[in-house]
Amino acid sequence: MSVAFFPGGAGQCPPAPAAGVVPAFAFSGPVATPACTSTGAFTTYTVVAPVPAATPLGVYCAYGTVTVTFSDGMTLAAGGDTTVCIAEPAAGMPTVPRLSVTLLTPSAPRLAPGETAVARYSVKNNDPSNAVTVMAIATSRQSAVRPQGANERQGVYSISSPFGDDFPIQFNPGTNCIPLPPHPYTQPAISNALPVIPPGDSNVVTVAIRSYGQCASGSCAESTLAVTGTFADGSPAFGCAGMALVVDTGAPSTPCARAVNDCNLNGIPDALDIAAGRSQDRNFNAMPDECEEIVTVPVASSVNPTNPLPSQPLQVQVAFNEAAPMQTVWADGQQLTRTNLGGLPFWQGTIPADARPGPQTVYFLGRDQLGGISTFIITYQVRLPPRITRIFIDGNRDAIIEHNGTQAGLSLFVQENSNLSCPTCWTNRPGGPHASPHNAGPASGTRFFRLRN
Ligand SMILES: [Ca+2]
Ligand SMILES: [Ca+2]
């Protein structure tokens, strides 16, 4: 397990920086093998990452990665992130932040689908003489998305859409269930001004978060609370903490959850009804079809090409039976355009292929005019871009460029340029793909060669 800390800011952490970007500080070490059961066990690890003494104060995004190596040599990696604040200490108390934000409730409660978790945070002013004026900013983000390379040949909804199914949050919910928004949903940051906190005093902030009734075990959203403001002496105050709500279909349901996770009223969470085959889910929205008056079923889909290079444009199409007319259809979170093919409605568009080589998916999500949703997944394979693996002079004093660009349908040309800073100056060498005359021109001057498909 490794954790890398990068400077962050208010709101959600951006996607993890590319490999090679140097973090502010980092920590890594082995952890015990996780528990394993046929129904999926949760293993909680606590990582203590020392902060180097010279680290500047501020908000940091911590990116954790767990890499598991199986006995056959295969490795799997999964990651997550959270916000960490490195704050100045209170006067005379080097281990106490001047403003501390502490989560008082469990950090990762596991509750039935559709249940509300209430997180309570203590915001304490540890300054001995200055009052502090602060604003609380809460966020929520869906963090359990389908893994890279997931290649189901049918739709899945119960783990959640990776393109916008944040669990909704609310300050001070009282005893009400948080209303569930229509899908897909992106939770904006919400803020709440707190009363001025006198020196040595504290305030409790309550943020509720609720999962959807369709969520299966393992669905999860994280919620962070950032507090920013100003001490009476004019110096800045900030602190943060966070929690995550984990869905567990084995947990008991309260009325709040049962209202949205047991539409067929058999006393069993609907995600389990569908998983066990007791209920059909032909539109892959994780709601048993017997609860839906109209089921809009996906009937055709395509992706072209099916073996793109990383980030290459993909033409995607999907059609539904439109038992209720579709209002909006997305592919990987991007809206598609409605068109007609032989009198039948089709939805199409261009999206970028995944940047990561390997099996990848197009995630179609459609919402019909009655608010019903329908999903479908199709797969494609991202090829490795060709790489030069070796350059050497052979016995004939020919310069040999070896490469691994062997994919079918891909031609590689040797290109020549005398000026690296001129991106349009590259010209194909004669001789066709994979070949170039060994006499590549005048002997004087520096020339550069590269492979180009
Ligand atoms: Ca049920
Ligand atoms: Ca359904």
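Modeller: In the protein chain, residues 24 or more positions apart account for 65% of the contacts with a separation of 6 or more, a contact being two residues whose C-beta atoms, placed from the backbone, lie within 7 Å. This is a predicted model, in which local features need pLDDT of at least 70, side-chain atom pairs count only at pLDDT 80 or more, and totals for chains, interfaces and linings use all residues. Residues are numbered from 1 along each chain as its sequence is written, while chains are lettered from A and ligands numbered from 1 in the order in which they are written.

Of the 453 residues of the protein chain, 33% count as buried (20 or more other C-beta atoms within 10 Å of the residue's own). A nonpolar core is a set of buried Ala, Val, Leu, Ile, Met, Phe, Trp, Tyr and Cys residues joined through C-beta atoms within 7 Å. The largest one has 56 residues, and Val207, Ile209, Leu225, Val227, Cys240 and Leu245 touch the most other members. Strand β15 (residues 236–247) gives the largest share of this core, 9 residues; strands are DSSP runs of E, at least two residues, numbered from the N terminus. Because domain 1 (1–86) and domain 2 (89–282) both contribute residues, the core lies between them; the domain bounds come from an automatic or database domain assignment.

Cys240 is in contact with Val59, Thr83, Cys85, Val101, Thr224, Leu225, Ala226 and Val227, leaving aside neighbours within four places in sequence. Another core, of 23 residues, lies apart from the largest one and includes Ala319, Phe320, Ile373 and Ile378.

Conventions: A residue is buried if 20 or more other C-beta atoms lie within 10 Å of its own, exposed if 12 or fewer, and partly exposed in between; C-beta atoms are placed from the backbone. Helices (H or I, at least four residues) and strands (E, at least two) are DSSP runs, numbered from the N terminus.
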